[in-house]
Amino acid sequence: IKQKKRHMGDTKHFCPVSLKENFVLYPGLQEHAAKYREKIYYFSTSEYRDKFLKNPEEYVAHKEPLQAPPLRVCLLGIHGAGKSTCARQIADKLGIFHIQFEEYLQELILPKTKKKVEPSSDEDREDDNKIPEELEDFSQTGKTKQEVQLTDEEEAIKANLMDNMELPPKLLDKIVPDWWKKEPFRSTGFILDGFPRTIDEASYLSERGLCPDVAVYIRVEEDDVLDRLLPLRLKKWKDRRRQKKEYKKKLKELKAKKRA
């Protein structure tokens with residue numbers, strides 16, 4: 001065993017091509033191994049092995065050891081588990097970026113929506129407070145309100161935030177890889193809060209070769225989640241009740257104005 005370790009390549013059991021080109025520690029496979037200068041290198045794919053053999057000097061250490069990528073963490077857990085609180089503390093302590101996935105999606109469409117997109121429910125629908133068409137002429141807001149046009153990608157983001165609809169891979173391609181491949185995240189590292197959320201999203205990361213160094217799942221008791229979320233939900237319920245009262249009052253005034 002010691003002899004094998006002594007003869008392994010600079011990246012040990014990680015793929016040197018993935019490290020060089022994507023700055024990712026991707027485990028290599030024995031079936032994609034190659035020997036260079038009496039050292040064994042493992043590769044994630046046969047294509048990367050062939051690429052290495054064409055120009056091995058580009059992927060091996062010379063005077064100094066190869067630089068390892070920074071820490072990349074995926075923090076998972078149910079809504080209300082305290083992921084964001086933990087992620088902020090870890091990011092501050094380690095000096096890495098904190099990326100809250102849903103907040104990032106909100107920021108992408110906020111210039112058009114002007115407010116955060118809330119999860120849809122039977123109690124909270126926009127149509128409930130919509131002025132009827134026959135009364136719009138008597139409503140000042142009906143004259144000045146402009147309909148916001150969202151692109152297909154923005155509609156997909158909105159559907160994800162409201163109804164948890166799956167984001168298409170083409171849209172994820174424009175968001176997620178940059179955290180691994182572009183600065184300042186590439187050289188600093190990050191803790192990704194709330195992604196991946198599904199098996200398909202985890203498969204997406206694997207297929208794109210975007211490997212976190214650590215994936216942490218926070219498990220909490222149901223009572224703890226209720227204690228954390230119930231006050232906020234209660235406040236939103238009270239706000240909805242107040243808005244409905246204001247809507248009914250406004251609707252009554254508009255009907256009276258029409259009769260006059």
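Trainee: Is Asn160 buried or exposed, and what is its relative accessible area?
Mentor: Please note that the model is a predicted one. Asn160 is found in helix 7. Residues under 20% relative accessible area count as buried. Asn160 is therefore buried, and its relative accessible area is 5%.

Trainee: How far apart in space are Glu154 and Leu108, C-alpha to C-alpha?
Mentor: The side chain of Glu154 reaches the backbone nitrogen of Thr151 at 2.9 Å. Setting aside residues up to four places away in sequence, Glu154 touches Ile109, Lys112 and Gln149. Leu108 is 46 residues from Glu154 in sequence, and in space their C-alpha atoms are apart by 7.8 Å.

Trainee: Which residues have the most contacts inside the largest nonpolar core?
Mentor: This core has 24 residues. At least two of its residues come from each of helix 5 (101-113), helix 7 (152-163), helix 8 (169-173), helix 9 (177-181), strand 5 (190-193) and helix 11 (199-207). Those with the most contacts inside the core are Phe101, Val176, Trp179, Trp180, Leu192 and Leu205.

Trainee: Which residues does Trp179 touch, not counting residues up to four places away in sequence?
Mentor: Trp179 lies in helix 9 and is buried, with a relative accessible area of 2%. Its C-alpha atom is separated by 9.2 Å from that of Ile99, which is 80 residues apart along the chain. With those places in sequence left out, Trp179 touches Ile99, Phe101, Tyr104, Phe185, Arg186, Phe190 and Leu192.

Trainee: With which residues is Leu205 in contact, leaving aside its neighbours within four places in sequence?
Mentor: Leu205 is among the residues with the most contacts inside the largest nonpolar core. Once those neighbours are left aside, the residues in contact with Leu205 are Cys74, Val176, Trp180, Phe195, Pro196 and Leu210.

Trainee: Near what value is omega for the peptide bond from Phe195 to Pro196?
Mentor: Pro196 is found in the loop between strand 5 and helix 11. Most residues other than glycine have a negative phi, and most peptide bonds are trans. A cis bond joins Glu183 and Pro184, with omega about 5 degrees, and Pro184 lies in the loop between helix 9 and helix 10 (185-188). The bond from Phe195 to Pro196 is also cis, and its omega is near 0 degrees.

Trainee: Near what value is phi of Lys114?
Mentor: Lys114 lies in the loop between helix 5 and helix 6 (140-144). At 68% relative accessibility, Lys114 counts as exposed. Its phi is positive, in a residue other than glycine, and is near 70 degrees.

Trainee: Where is Glu38, and near what value is its phi?
Mentor: The place of Glu38 is in the loop between strand 1 (29-36) and strand 2. Glu38 is exposed, with a relative accessible area of 53%. Glu38 has a positive phi although it is not glycine, and the value is near 65 degrees.

Trainee: With which side chain does the side chain of Ser44 make a polar contact?
Mentor: Ser44 lies in the loop between strand 2 (39-43) and helix 3 (46-54), and at 11% relative accessibility it counts as buried. Leaving aside neighbours within four places in sequence, its contacts include Cys15, Tyr26 and His32. The polar contact, at 3.4 Å, is with the side chain of Ser18.

Trainee: How many residues lining the second largest pocket are nonpolar, polar and charged?
Mentor: About 200 Å³ of space lies in this pocket. Its lining includes Pro16, Leu19, Lys20, Phe23, Glu58 and His62. By class, the lining residues are seven nonpolar, two polar and three charged.

Technical notes. Residues are numbered from 1 along each chain as its sequence is written. Side-chain values use heavy atoms; hydrogens and water are left out. A nonpolar core is a set of buried Ala, Val, Leu, Ile, Met, Phe, Trp, Tyr and Cys residues joined through side-chain atoms within 4.5 Å. Buried means under 20% relative accessible area, exposed over 50%, partly exposed in between (1.4 Å probe, protein chains only). Helices (H or I, at least four residues) and strands (E, at least two) are DSSP runs, numbered from the N terminus. Contact means heavy atoms within 4.5 Å. On a 1 Å grid over the protein atoms alone, a cavity is a set of points where a 1.4 Å probe fits but cannot get out, and a pocket is an open set with protein on both sides within 12 Å along at least five of seven lines; lining residues have an atom within 4 Å of a point. Grid points are joined across faces, edges and corners, and a volume is the space filled by probe spheres set on the points. Ala, Val, Leu, Ile, Met, Phe, Trp, Tyr, Cys and Pro count as nonpolar, Asp, Glu, Lys and Arg as charged, and the others, Gly among them, as polar. A polar contact is a pair of N or O atoms within 3.5 Å; within protein, one must be able to donate a hydrogen and the other to accept it, and residues adjacent in sequence count only if both atoms are side-chain atoms.
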